[in-house]
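Dear colleague,

Please find below the structure that I am handing over to you. My notes on it follow directly after.

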Amino acid sequence: MPSTRALVAAMLACIAAISACRKERAVSDVVALANKVESRTIQLFFESPDLLLVPETRLLSLPANQAAALSQVVAELLKGSANTAVPRLFPEDTVVRGAYLLPEGNAVVDLGGQTLTDGWNTGSHTELMAAYSLVHTLSANFEIRRVRILVNGQPVATLAGHVAIDRPLLPSGDAVKR
Amino acid sequence: MGVPGVGAMKRVLVVLLVLLAVATLVLAQGIGRATVRTPNGDREVMTIQQRGETLLAADETIAAFGGRITAEGEGFRIALGAMEAIFGPDSRFAVVRDDLIEMAQEPVVIEGRAFLPSGFFRELIPRASGLDVTWDPASRLLLARPRTREVLSAQVSVVDLQGTTKIVIQFSGAAEHTITRTGTSYLIQLRNTVRAPFAEQAYDNPRVSRITFRDGEIGIHLRGAAVAGDAYELQNPFRIVLDLKEAPEGSPAYRPQLRTEPRFQQTLPGVRTIVLDPGHGGKEVGAIGPNGLMEKDATLAICRKLAAVLSSRLGLRVILTRNEDEAITLEQRTALANHYKADLFLSVHLNAAVMKGARGAETYFLSVEASDELARSAAERENLTPSGSRSRAGSDLNLILWELAQQEYLKESSRFAEIVQEEMNRALGIENRGVKQAPFKVLIGATMPAALVEVGFITNPDEEAKLLDEGFQGTIASTLASAIERYKTEYDVRMGVGGARVAAPAPAGAGDPAAAEPERTSGR
């Protein structure tokens, strides 16, 4: 037993020596925000048969913190409509890498996925519908007016060769059914 | 106290080994210290080494500048004075308002603390303070010093156009400033030292009486209190622009402005040159039909046919952005049209939709918000060459005229799109999906009326079959030619040029679609 005690004492001394390499510091300012969850009815925009966006309501458990809820709402949009007859607007492998709420009604959504990375071969209508489904979904559920879309964390000119997303997008009256 | 059992000892050993493993892992990141030196003193911050780069603990570094960082979802938010920045663990880009800072590598998060490359702080701190930041890897010192401001020279132009007085003050470098209104003057207070072009200059202008340079302050003195201003900055070269107009109706001094002759006439004497843009090309195939038709092939075939009709029927100079299967950036397409000083730009595409049964043609012109943003950054876009490189920005007067012309281009683009859509509806008997506006990249920056036509849905098997047919492609080309002819007639009459059939000199080679390919010396 004394030999075991000696071993433990040696290891403790080792840990103490390693710890000494790191300067004592106060508890970091980086504290995770308390993610209080609340049920919330949100509107997700999908394409209707007349080729315009219409809202679909969905009850979700979301963080009360708006900024934290943002990426979950985008992820919900990417899942597609609850109506299986309504096709997805974004490619099926699209993922949300992050979504950030900025001051003055600005938001940044970082998308990823193989199709968007390799080049999305689609027409302007689909691209418009996809981009504006994101913009209208965010502006309908948050105090957001302008949405900047990134792909893989980087600014890109377009998603599929048409709609300029190297600048923030505003909601478009032409894209939504009135 | 009894001797602990063998089981208890084993558990202690396991815990200690785990602790050792964690400690070793942390040490493997190459933990060290660095100094952040600000005018308020020194602060030691933790650093890690990764891929040869020193990453500084964001919380301690930001705290040294009086800011704080909070975790937000998977990302972090930095608040530094009035400025906020956001970054995440997987992206090299941090968002600062609607701008981005690119980092040398992704942030590293250890135990909930973010570590960022020193370059990030070099970019961020000057945006939030009057400090310039340097990083010395040898002494591991992040040094923040009050910015040394260069002495700037300034030039002033005052132009009165269409009910607006534009005052453009151009500097030799970025001028930190604040603008305030006091009574009948706007005061621009400069933090830089500026070599004044004059002490005082009087102007024969309906809204501005004189401009003064005095003790780091530029005074813009108005003729009355009923003049309202809108100030903004333009870059490359740095300019402060002040737009002055009469105050809104209802104010005692309101005076409606009479429009003068159409300014569009100054830049577009008539439609003589048209740039046709076959959508996509090369690796960018565009949309693909259910039976394999590729958008890039159909758009090229239609544009070649259209070029032939336009050259022979209207004698127009026709330029194709591409005359073979090749990839060209969207910016290059527009820049090519600007370079050749085209009078009209038409981008031809085939549409795609996820909804079954989508059919018909639709025509787009640029949406207003994209156009507004464009006008604000006019200086960066003017004189763009086909390769996308920038040549020297033009004169202030050119800039002002360019901005004003954008509004006219939009009106003309709207009319052009309307005519294209009407002709498509009339001739092709396909569903009318109307004229719409969208922020299409290829239309942004075009300094001429511009539209994008979607001639049909490639995703619809019926329309795909038609679009594959050479005869139908010819019909589309003929229809688009009729639309262009109609627009040209209307426009030329409005501009007093003399009608659609006015002999516009056809350049050598026009008439042969193959010969319609422009000379391209760069960007290819």
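In which loop of chain B is Lys341(B) found? Lys341(B) sits in the loop between helix H6 (330-339) and strand S25 (344-351) of chain B; helices (H or I, at least four residues) and strands (E, at least two) are DSSP runs, numbered from the N terminus. I return to this residue below.

First, some conventions. This is a predicted model, in which local features need pLDDT of at least 70 and side-chain atom pairs count only at pLDDT 80 or more, while totals for chains, interfaces and linings use all residues. Residues are numbered from 1 along each chain as its sequence is written, and chains are lettered from A and ligands numbered from 1 in the order in which they are written.

Confidence in chain A

The mean pLDDT (the predictor's confidence in each residue, from 0 to 100) of chain A is 85, and 80% of its residues score at least 70. Within chain A, helix H4 (residues 124-141) has the highest confidence, with a mean of 96, and helix H1 (residues 2-21) the lowest, with a mean of 57. Over residues 19-31 of chain A, pLDDT stays under 50. For that stretch the model has 16 contacts beyond four places in sequence, a contact being two residues whose C-beta atoms, placed from the backbone, lie within 7 Å.

The sheet of chain A

Chain A has an open sheet of 4 strands in the order S3-S4-S5-S6, with mixed pairing; two strands pair if DSSP finds at least two bridges between them. At its edges are strand S3 (95-102) and strand S6 (154-155) of chain A, each of which pairs on one side only. S3(A) runs antiparallel to strand S4 (residues 106-112) of chain A, and 7 bridges join them. In this pairing, Val95(A) stands opposite Gly112(A).

Helix H2 (residues 66-79) of chain A packs on the sheet, where it touches S3 and S4 of chain A, and its direction makes about 145° with that of S3(A). Such angles run from 0 to 180 degrees between N-to-C directions, and axes are lines fitted to C-alpha atoms, for helices over the stretch in contact. H4(A) lies across S4 and strand S5 (146-151) of chain A, at about 135° to S5(A).

Two residues with positive phi

Most residues other than glycine have a negative phi. Glu104(A), in the loop between S3 and S4 of chain A, has a phi near 60°. Glu104(A) is exposed, because 10 other C-beta atoms lie within 10 Å. Lys341(B) has a positive phi of about 50° and is partly exposed, because 13 other C-beta atoms lie within 10 Å. On this scale a residue is buried at 20 or more such atoms, exposed at 12 or fewer, and partly exposed in between, with C-beta atoms placed from the backbone.

Strands and helices of chain B

Strand S1 (residues 32-38) and strand S2 (residues 41-50) of chain B run antiparallel, joined by 7 bridges. They form a hairpin with 2 residues between them, and Ala34(B) has Val45(B) in S2(B) as its bridge partner. S2(B) also pairs in the antiparallel sense with strand S3 (residues 53-57) of chain B, over 4 bridges; there, Thr47(B) is partnered by Leu56(B).

Helix H5 (residues 295-314) and helix H11 (residues 470-494) of chain B pack at an angle of about 45°, with their axes 8 Å apart. H5(B) is therefore oblique to H11(B), since angles under 35 degrees count as roughly parallel, over 145 as roughly antiparallel, 65 to 115 as roughly perpendicular and the rest as oblique. Residues making the contact include Ala298(B) and Leu306(B) of H5(B), and Ala477(B) and Ile484(B) of H11(B).

With kind regards
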